[in-house]
Amino acid sequence: MKFPVESSPHVEASSSVAGVMTTVLWALVPGTIAAVWLLGWGVLINVLLAVGAAWLAEAAMLWLRARPFKPALTDRSVLITGWILALCLPNLAPWWLPVVGAVFAVVVAKQLYGGIGYNLFNPAMVGYVVLLVSFPEAMTRWGAPVDGGATSLSLAQAAQWSVFGALPVGMGFDALSQATPLDQWRMVATQGGEVAGAGVSIWQGGGWSLWLNLAFLAGGAWMLWRGAIRWHIPVAMVVGVLVTAGLLWGIDSERFADPLFHLIGGGVIFGALFVATDPVTASTTPRGRLVFGFGIGTLTVLIRSLGNYPDGVAFAVLLMNLAVPLIDYYTRPAVFGRKRQNRDDRPDGKREA
Amino acid sequence: MSEPRLSELALDGLWKNNPALVQVLGLCPLLAISNTTVNAIGLAVATLVTLVVSNGVVSMIRDWVRPEVRLPVYVMVIASVVTIIELIMNAYFHSLYNTLGIFIPLIVTNCIIIARAEGFASRHAVGFSVFDGFVMGAGFGLVLITLGGMRELIGFGTLLGGAEQLFGPVAADWGVRILPEQMTFMLALMPPGAFIGLGLLIAFKQAIDQRASRRARAAQTARSGEPVVDAVG
């Protein structure tokens with residue numbers, strides 16, 4: 001009797017890049033619908049522009065680099081880059097804002113580093129930060145939430161505003177726009193005012209940021225259930241935000257916002273579920289993921305509270321991206337069968353002195 | 001030591017061994033001062049003059065300087081030259097002097113200058129050393145000016161803005177606006193823009209070199225009639 005001998009792996013996993021990315025795309029849908037519902041059609045226009053520009057930029061770069069088109073263009077990762085970037089942009093942005101951001105994200109942050117799997121930094125966050133530091137005025141064009149009492153734009157009017165910068169007769173930009181809760185809090189805080197008494201609250205305008213976060217949470221829960229992401233990074237990031245914000249709030253509750261405000265008032269939930277969990281740029285070991293997420297949460301609150309920009313999620317993610325090789329090195333799990341990890345094996349093959 | 005040919009020296013400094021694109025020396029002024037064309041031209045000329053004079057002086061004294069003390073002597077020579085240039089700029093190009101600020105005295109620490117003094121001028125005759133200083137300075141300066149032009153164009157939308165700082169009141173209207181103000185990209189003016197711009201310039205040089213070597217290989221194989229074997233793949 002003869003037994004066939006095969007080499008490993010004997011059990012193949014069915015997951016593929018395209019499969020995981022499809023799950024993420026579906027998980028983005030509830031949050032996007034909620035954002036369109038709460039913040040107007042401008043969100044949808046941003047998504048379409050950014051996704052289209054990202055896809056075209058990817059195709060152009062693959063052509064320039066003489067790489068095969070099919071794997072990179074059908075794994076849907078570039079669509080997610082564009083989509084996530086678009087959801088970070090203000091809902092009254094001019095058309096070129098999502099386009100420039102998406103092109104920069106794909107060309108510089110992804111393809112110049114070697115394409116999917118090789119990029120050091122989260123491409124969507126690089127695109128966002130480039131827009132934030134380059135076009136500070138355009139990046140503040142936040143419209144009031146749709147149910148906040150301000151006049152709202154129809155789809156055609158929003159498209160007209162995005163492309164031509166023209167508003168319907170009788171509608172002024174000031175009537176449409178409104179500072180985000182984080183912006184308002186920053187204004188009060190930098191002027192030395194008392195945050196608690198200034199009426200800055202996440203509940204104003206019908207608590208729209210709460211509903212938006214719940215919709216993103218639903219998508220994130222689905223990703224967790226499907227196994228597209230793991231719990232470590234989101235949970236650690238939220239804990240990092242709560243702990244750091246709690247400490248600052250405990251020290252001086254008049255100068256710093258409370259932890260719940262930090263959790264809901266900005267991009268923490270969205271960032272924890274969709275940005276920090278990027279499989280390419282996040283830490284890859286279980287303990288490393290906890291460190292990575294906690295670091296992002298801590299840095300986010302510190303940048304918001306002590307830095308120059310209202311939201312710090314993007315900067316925090318990029319800073320922790322830089323730390324990933326170090327985190328992964330110090331959190332390698334023990335090799336199966338060994339009692340403790342062998343620190344003598346350095347990644348570069350040399351022995352430590 | 002046998003003296004090199006001048007054409008080889010020129011090719012080395014301007015292209016093959018370009019201080020900015022290949023040796024990647026003097027990054028600090030290259031990245032910090034390349035935000036406008038005029039700043040870049042000012043620093044490029046200052047660096048070039050420093051290189052020429054310091055190379056010449058080092059070459060002149062090369063037979064009297066003992067090897068044990070050569071580096072302090074070279075640094076003293078370079079520092080004296082830079083001090084002279086700093087005083088001249090303060091006297092004749094005062095507003096440019098104010099704009100460039102600390103980066104004029106910092107020319108002393110530019111690694112290109114000590115590298116050429118140690119690597120070339122201390123072993124070659126005065127004429128060759130002066131010529132080497134000139135082509136190396138020109139190679140560095142051209143990259144600096146190119147980068148300055150790129151960054152000013154993308155970041156401000158202008159070229160040669162503020163030329164009167166360098167060329168006097170005649171040049172007050174030399175600055176041209178090429179892109180409208182709404183189309184400028186502020187990132188180019190910031191430090192990341194300098195790094196990305198220099199990276200693109202280096203990549204561009206590599207692409208040209210690779211293309212040339214591919215062509216040369218193809219021409220060679222075509223002449224010898226052998227089948228084309230692409231070893232690089």
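Helices (H or I, at least four residues) and strands (E, at least two) are DSSP runs, numbered from the N terminus. With that in hand, select chain B: you will find 9 helices and 2 strands.

Before going on, a note on what you have open. This is a predicted model, in which local features need pLDDT of at least 70 and side-chain atom pairs count only at pLDDT 80 or more, while totals for chains, interfaces and linings use all residues. Residues are numbered from 1 along each chain as its sequence is written, and chains are lettered from A and ligands numbered from 1 in the order in which they are written.

**Stop 1: chain B as a whole**

Follow chain B along its sequence and the pattern reads α-α-α-α-α-α-α-β-α-β-α. Its C-alpha atoms fill a box of roughly 65 × 60 × 30 Å along the principal axes. Of the 233 residues in chain B, 35% are buried; a residue is buried if 20 or more other C-beta atoms (placed from the backbone) lie within 10 Å of its own, exposed if 12 or fewer, and partly exposed in between.

**Stop 2: helix α9 of chain B**

Now select residues 191-224 of chain B, which form helix α9.

**Stop 3: B:G157**

Go to the loop between α7 (126-155) and β1 (158-159) of chain B and pick out B:G157. This residue counts as partly exposed because it has 18 C-beta neighbours inside 10 Å. Leaving out residues up to four places away in sequence, B:G157 touches B:R177, B:I178, B:L179, B:P180, B:E181, B:M183 and B:T184; two residues are in contact if their C-beta atoms lie within 7 Å. Then find B:M186, which is 29 residues from B:G157 in sequence and 9.9 Å from it in space, C-alpha to C-alpha.

**Stop 4: where the chains meet**

Show both chains together. The contact takes 5 residues from chain B and 4 residues from chain A. On the chain B side there are 5 nonpolar, no polar and no charged residues. Here Ala, Val, Leu, Ile, Met, Phe, Trp, Tyr, Cys and Pro count as nonpolar, Asp, Glu, Lys and Arg as charged, and the others, Gly among them, as polar.

**Stop 5: chain A and its domains**

Select chain A, which has 15 helices and 0 strands. Buried residues make up 47% of its 353 residues. Colour domain 1 (17-178) and domain 2 (179-331) of chain A separately; such bounds come from an automatic or database domain assignment. Their contact takes 32 residues from domain 1 and 29 residues from domain 2. On the domain 1 side, the largest share, 11 residues, comes from α1 of chain A.

**Stop 6: the largest nonpolar core**

A nonpolar core is a set of buried Ala, Val, Leu, Ile, Met, Phe, Trp, Tyr and Cys residues joined through C-beta atoms within 7 Å. Which of the 100 residues in the largest one touch the most other members? Select A:A50, A:A54, A:W83, A:L85, A:M125 and A:V317 to see them. Helix α2 (residues 42-64) of chain A gives this core its largest share, 10 residues. Finish at A:W83, which touches A:L28, A:V47, A:A50 and A:V51, not counting residues up to four places away in sequence.

Methods
The expected span of a helix is 1.5 Å times one less than its number of residues.
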